[in-house]
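Dear colleague,

Please find the structure below, handed over for your own work. My notes on what was found in it follow directly after.

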Amino acid sequence: MSERFTKSMARNIYLGGGVFSLLLFFSLSYHTLGVLPERDNRHNITPEVALGKKVWEDNNCVGCHTILGEGAYFAPELGNVYTRFGNSTEAIIGFIESRPAEGVPGRRSMPQFNLTREELVGIAEFLKWTSEIDTNNWPPNIEG
Amino acid sequence: MMKYESQAVAKPYFIAAIALFVGQVLFGLILATQYLIGDFLFPEIPFNVARMVHTNLLIIWLLFGFMGASYFLVPEESERELYSPKLAIILFWTFLIASVLTVLGYLLVPYSGLAAMTGNDIWPTMGREFLEQPTITKIGIVIVVLGFIFNIGMTVLSGRKTVISIVLLTGLVGLAVFFLFAFYNPVNLVLDKFFWWWVIHLWVEGVWELILGAILAFVLIKVTGVDREVIEKWLYVIIAMALISGVIGTGHHYFFIGTPEYWLWLGSIFSALEPIPFFMMTLFAFNMVSRRRRDHPNKAAVLWALGTAVLAFVGAGVWGFMHTLAPVNYYTHGSQITAAHGHLAFFGAYALIVMTIISYAMPIIRGQVAGSETTQRWEKWAFWLMASSMVTITLALTGAGVLQVWLQRMAEEPMSFMATQDSIAFFYWLRLAAGIVFTMGLFVYVASFFVGQKEPPRSITTE
Ligand code: HEM
Ligand code: HEM
Ligand SMILES: [Fe+2]
């Protein structure tokens, strides 16, 4: 790097640029938090949905699945599984309930979690709520 | 050979890092097998459990590596002994025991049982990618990291202050601060995801780049003898670009999770600049090596350093850029392309910088300027085996990803996820094969610490 560009100039770019970027990022984030209610469908977060998210986390579903494209890539995307399953929470419940404890021979398998009816309803409601978030039209199609 | 006796506390940290790295990779092999033989080890070790072990061991060994690096380089930069070597040793054992217990918890108890046992109902933070640790483990991590930063901070602030030590300290403080967002887990999934990225993205594409830059700069000063002024100027420009591009670049994760549309623009534009600091790191490393004023006998360390610079740029810069523009990411989001990039970026930038400082520091801690001829030959073999197989893994996953996107997301008649996975199995076989070679490379690396110990160390050839 040229001699005319001194170390203190470099330091000033770092400090100025870094602080400016952080401040701008915090302001943008603040704005986003303000407009999120129009998109994240939060008025539909019922106690069932809240329980569902807890069940989701307590069983580490994200360790195999993606949800809105984030997580693991071993098993189907679940952000839109409610629509994929014909807008049916019962279909989701039926699927989760019917996993064989020993897995499906040779096929990628999902554990049997032995969830209670309440927890199953919670998970299904949580996935239904998730499918109603405004995600800028993602995923591209029903297969997720 | 060490300038300060307390630098030796880095040694257990480096050993633990390498041991956990071995564990990480063995679980990677399990995962890769489960991709092909779906019920392999099922239901004893389901995929999600093996994956948690794989990714959490990665984060933990990198943290051990960063801590070891700091304990080694800060006394030398500060020109004084470490504030408290004893604290460093206490924290080492605390962190190691907590890590091992957590991993055993993953393996021996069903995850929901672990959640119940550790009070996840009281303060739920578990069950999110990379942040699967029980809340008490997270609290433990905070305590260890704060103790560590206190130790390093006291040393830096009461000694000679160099750009390297200040930048390193800033990066470490940032690491601790952003980790605090791991404790915020709102019921609203969109908010949860929004702040989850403040840990993950602002780590790897923010504050960790400061740590990476500082360690790289330190090693380059040592092995090239280039003037500190020059190196420090480079370091400032690199981290300036990292923050200017990477902070708002967080927006490349705010495309499709419920956040407003303006992030499509902000995220694309700023993250498109993110390769710049990585490219500058490559220029920096090669420039300094070609302008070297001494031929340091540790040739292996130079190789690791150059390898870091190149593969960080390829993995983070090139593979990151590939899917960072919103119209592309619309199709590739959460596909094997993401996994391809995640692997080469983590390996190229962070795994390699830790191995770089280990390569430089370990011989010195063991009382030599550099490893013997044989040691270095094994290290170089390990480097090439691991680097080339990781590139192969990346290419295999990229092939898988392109086909996955095509078949499942772009075709007229899209295939289901599971059917798509079956039809791209070839690439997963390739990944498994390359993973086995990677593991062999890692064993060669471990062996390099045991071979050639009786030979005389390589000495300084020219001054
Ligand atoms: C033997 C070599 C390895 C194999 C076979 C392997 C395999 C895997 C597999 C199958 C996954 C899960 C992907 C999914 O969710 O579907 C994974 C995740 C991951 N691995 Fe590895 N791995 C290996 C080595 C490494 C190394 C050396 C690193 C880093 C230095 C690494 C970093 C990661 C990361 C960051 C993830 C999470 C990726 C994401 O969320 O996009 N792995 N690995
Ligand atoms: C060393 C630095 C970097 C590391 C360690 C890294 C690692 C990762 C990992 C592990 C993920 C997957 C996260 C998940 O599980 O959801 C990811 C995602 C992503 N990274 Fe990076 N990355 C780095 C730098 C970059 C850079 C410089 C760019 C852009 C130029 C970039 C662009 C992306 C994008 C767009 C995604 C989202 C992929 C998706 O939509 O699924 N990364 N990165
Ligand atoms: Fe990112």
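Between chain B and chain A, the count is six salt bridges. Please bear in mind that this is a predicted model.

**The interface between the two chains**

The contact draws on 83 residues of chain B and 74 residues of chain A. About 6800 Å² is buried between chain B and chain A, and carbon and sulfur atoms give 64% of that area. On the side of chain B, the residues that lose the most area to chain A are F42(B), K233(B) and Y236(B), which together make up 10% of what that side buries.

Helix α7 (residues 189-224) of chain B supplies the largest share of the side of chain B that touches chain A, namely 11 residues.

Two salt bridges between the chains may be of use to you as examples. In one of them, E70(A) pairs with K193(B), and the closest N and O atoms are 3.1 Å apart. In another, K54(A) pairs with D121(B), with 2.5 Å between the closest N and O atoms. This second pair runs from helix α2 (residues 47-58) of chain A, where K54(A) lies, to the loop between α4 (111-117) and α5 (135-157) of chain B, which holds D121(B).

**Salt bridges in the whole structure**

Over all chains, the structure holds 20 salt bridges.

Within chain A, R42(A) forms a salt bridge with D40(A), and the closest N and O atoms lie 2.8 Å apart. D40(A) has a relative accessible area of 0%, so this residue is buried. R42(A), at 33% relative accessibility, is classed as partly exposed.

Also in chain A, E132(A) and K128(A) form a salt bridge whose closest N and O atoms are 3.7 Å apart. E132(A) is partly exposed because its relative accessible area is 36%, and K128(A) is partly exposed because its value is 25%. Elsewhere, salt bridges that share partners link K7(A), E77(B), R228(B), E229(B) and E232(B) into one network.

**The surroundings of Q421(B)**

Q421(B) sits in helix α15 (residues 417-423) of chain B. With a relative accessible area of 3%, Q421(B) is buried. Its side chain makes a polar contact of 3.1 Å with the side chain of R108(A). A further polar contact, of 2.7 Å, joins the side chains of Q421(B) and Y428(B). If neighbours within four places in sequence are set aside, the residues in contact with Q421(B) are R108(A), Y35(B), Q336(B), Q404(B) and Y428(B).

**The iron sites**

Which residue is the only protein donor of the iron atom of ligand 2? The donor is H341(B), through NE2, at a distance of 2.0 Å. H341(B) belongs to helix α13 (residues 336-365) of chain B. The iron atom of ligand 2 and the iron ion (ligand 3) are separated by 4.3 Å.

**Two helices of chain B**

Helix α6 (residues 163-179) of chain B has 17 residues, which at 1.5 Å a residue should span 24 Å; the end C-alpha atoms are 24 Å apart, so the two values agree. Helix α6(B) is mostly covered, as 13 of its 17 residues are buried.

I143(B) is placed in helix α5 of chain B. I143(B) has a relative accessible area of 55% and is therefore exposed. The C-alpha atoms of I143(B) and P75(B) are 22 Å apart, and the two residues are separated by 68 residues along the chain.

With kind regards

Methods
Residues are numbered from 1 along each chain as its sequence is written. Chains are lettered from A and ligands numbered from 1 in the order in which they are written. This is a predicted model: local features need pLDDT of at least 70, side-chain atom pairs count only at pLDDT 80 or more; totals for chains, interfaces and linings use all residues. Side-chain values use heavy atoms; hydrogens and water are left out. Helices (H or I, at least four residues) and strands (E, at least two) are DSSP runs, numbered from the N terminus. The expected span of a helix is 1.5 Å times one less than its number of residues. Buried means under 20% relative accessible area, exposed over 50%, partly exposed in between (1.4 Å probe, protein chains only). Donors are N, O and S atoms within 2.8 Å of the metal (3.2 Å for Na, K and Ca); water is not among the atoms, so sites may look incomplete. A salt bridge is a side-chain nitrogen of Lys or Arg within 4 Å of a carboxyl oxygen of Asp or Glu. A polar contact is a pair of N or O atoms within 3.5 Å; within protein, one must be able to donate a hydrogen and the other to accept it, and residues adjacent in sequence count only if both atoms are side-chain atoms. Contact means heavy atoms within 4.5 Å. Buried area is the accessible area (1.4 Å probe) that two parts lose on being put together, summed over both.
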